[in-house]
Every structure is written in structure tokens, then in C-alpha cells.
Amino acid sequence: MKTNFEIIFEDENILIISKPSRIFTISNNPEEITLFSEIKKQIKSVLPVFSLDKNVTGIVFFVKNKDAHKFICEQFQKEKIERTYNVLVNGVLEQEHGEINKKLLIRKDSTVLSEKGINSVTKFKLIEQFKSYAFVQAVPLTTRPKQIRAHFFSIGNPLAIDEIYATSEPVLLSNLKRRYKGINKEKPLLTRIPLHLAKIKIILPGKKDFSTFETHLPKDMEITLKQLRKYNKKH
């Protein structure tokens, strides 16, 4: 199919797209332009499998028939699909790798820690540590709304930008670079939640073995990491 979005994989059953930021995967508002609404213009039978938030980037799945939808959804329900996210969090991680195992209570607009919640597990591995931020690989072993965001908040390392768990303030070069000039005309390095679904392992319809799909880090996160390496090194 023809699309303005990057297609990672397509066959007779499934369509895998690299979702950019600032667009919903799906929406209850029929007037909202979404990935789903754009794809449905070309594939009438298409169905979404799961959704990423508007400003989250990375891999999303669509299926082209009901049998494929059932096959993929069963893997999600049984938590057999492995998802690997790239995340930029605030602060210094106490551990270079580990597991966050904390119960989460799902509310309408947020997810919070609670003993009344559902068991939720996120594995993580430090990729790069900076003075003020950490670039991390996160693998959720359970599937809860806002799980990664809530879990990193719970250990004192909320995402660098997160209007629910931290701050909505952008990441600015002037906060990293001493004697920065041109503050009045400064363009932020990063203005959205730095959460990117980079890799997914899944069994495709008609197959027995896992397939792995990956997508590149979005430009705004790449630029931010480049400046952090230059001006925010941890000595």
C-alpha cells in the first residue's frame, strides 16, 4: 500500500508501521486523523491490534482480517510478545540493569502504584548514563497502560518529559551547554515524551517461529542524545 508512514513489513495478513509522534494510532473522535483512519482509506478490512499514545513513537501493528487479528491478539493476551523500548529518563540509575516489579492500578486517565493493583514487571538495562539523564532499554513483561512511565517514576527516574509523572518542560540545549547564546530564539531539543518502541518479537499468522522487527530511533531523540554526549557527559 502507499502511505506517508514508514512501512516496516507487509503481507496478506499484517501491516507493521513505524509510528511518528504527534499522531494517534486510534481515537474515539471520528474527526481526529489517526494512523488507523489513514490506513482504512486503502484497506477497508484493517483492524488495529494495539495502540501507542499520540507522542510515543515506534512499531505498531495492523491486521487485514479477523483470523489474523485473533492470532495476534492471543499472543498479546498471553504476554508472549516481546517488546523493547528505548527510553530517556531523568537522573542517575542506581542499577545498570534490573527488574521493576510493582503492582499498578489502572485508572481512567493514569496508572498509579497500589497494593490493590495488578502485578506488573518491567526489565531494564542502562545503555548510556549522562549527568542529568539516562538512556535506557526497557522490556515490559506485562501489558499495562503507561506501565513503563509509572514504573520508572516509582524508582525515582521518571521520563525526561512526562506531563503525568514528571514535567512537561522541554529538554533545552541552554540547560546543557554553558554560555549558550541565542536563548530568545532557542528551539527545544525534545518536546515530547521520549518513549520509543524500537523492537518487537512476534509469531506471524501462518508461522511457527518468532519474527523480529525493528525501527530506528526518531530524529528528535537522536539529536538529544548527540547533545547529551557532547555537553552532559558523566565523568
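**View 1. The lining of the second largest pocket is made up of seven nonpolar, eight polar and six charged residues.** In these counts, Ala, Val, Leu, Ile, Met, Phe, Trp, Tyr, Cys and Pro are nonpolar, Asp, Glu, Lys and Arg are charged, and the others, Gly among them, are polar. You are looking at a predicted model, where local features need pLDDT of at least 70 and side-chain atom pairs count only at pLDDT 80 or more, while totals for chains, interfaces and linings use all residues. To find your way, number residues from 1 along each chain as its sequence is written, and note that side-chain values use heavy atoms, with hydrogens and water left out. This pocket holds about 440 Å³ of space. Ser21, Arg22, Pro218, Lys219 and Asp220 lie nearest its centre, out of 21 lining residues. Both β2 (14–19) and α4 (219–231) supply at least two lining residues, and α4 gives the largest share, three residues. Helices (H or I, at least four residues) and strands (E, at least two) are DSSP runs, numbered from the N terminus.

**View 2. Arg22 sits in the loop between β2 and α1 (35–40).** Its phi is near 70°, a positive value in a residue other than glycine. Is Arg22 buried or exposed? Arg22 is exposed, with a relative accessible area of 52%; buried means under 20%, exposed over 50%, and partly exposed in between, using a 1.4 Å probe and protein chains only.

**View 3. The largest pocket has a volume of about 630 Å³.** A pocket is an open set of points on a 1 Å grid over the protein atoms alone, with protein on both sides within 12 Å along at least five of seven lines; a cavity is a set where a 1.4 Å probe fits but cannot get out, and lining residues have an atom within 4 Å of a point. Grid points are joined across faces, edges and corners, and a volume is the space filled by probe spheres set on the points. Of the 20 lining residues, Ser51, Leu52, Asp53, Pro145 and Lys146 lie nearest the centre of the largest pocket. Its lining has 11 nonpolar, four polar and five charged residues, and α3 provides the largest share, three residues.

**View 4. The largest cavity holds about 40 Å³ of space.** How many cavities of 30 Å³ or more does a search of the whole structure find? The search finds one. Among the residues lining the largest cavity are Gln75, Phe76, Glu79 and Arg83. Glu79 lies in the loop between α2 (66–77) and β5 and is partly exposed, with a relative accessible area of 33%. The phi of Glu79 is near 55°, a positive value in a residue other than glycine.

**View 5. Ser110 lies in the loop between β7 (104–106) and β8 (111–113).** Ser110 is buried, with a relative accessible area of 18%. Leaving aside neighbours within four places in sequence, Ser110 is in contact with Leu105, Lys146, Ile164 and Tyr165; contact means heavy atoms within 4.5 Å.

**View 6. Phe61 and Phe152 touch the most other members of the largest nonpolar core, which has 45 residues.** Strand β4 (residues 57–63) gives this core its largest share, five residues. A nonpolar core is a set of buried Ala, Val, Leu, Ile, Met, Phe, Trp, Tyr and Cys residues joined through side-chain atoms within 4.5 Å. A second, separate core of 15 residues includes Tyr133, Leu189, Leu190 and Met221.
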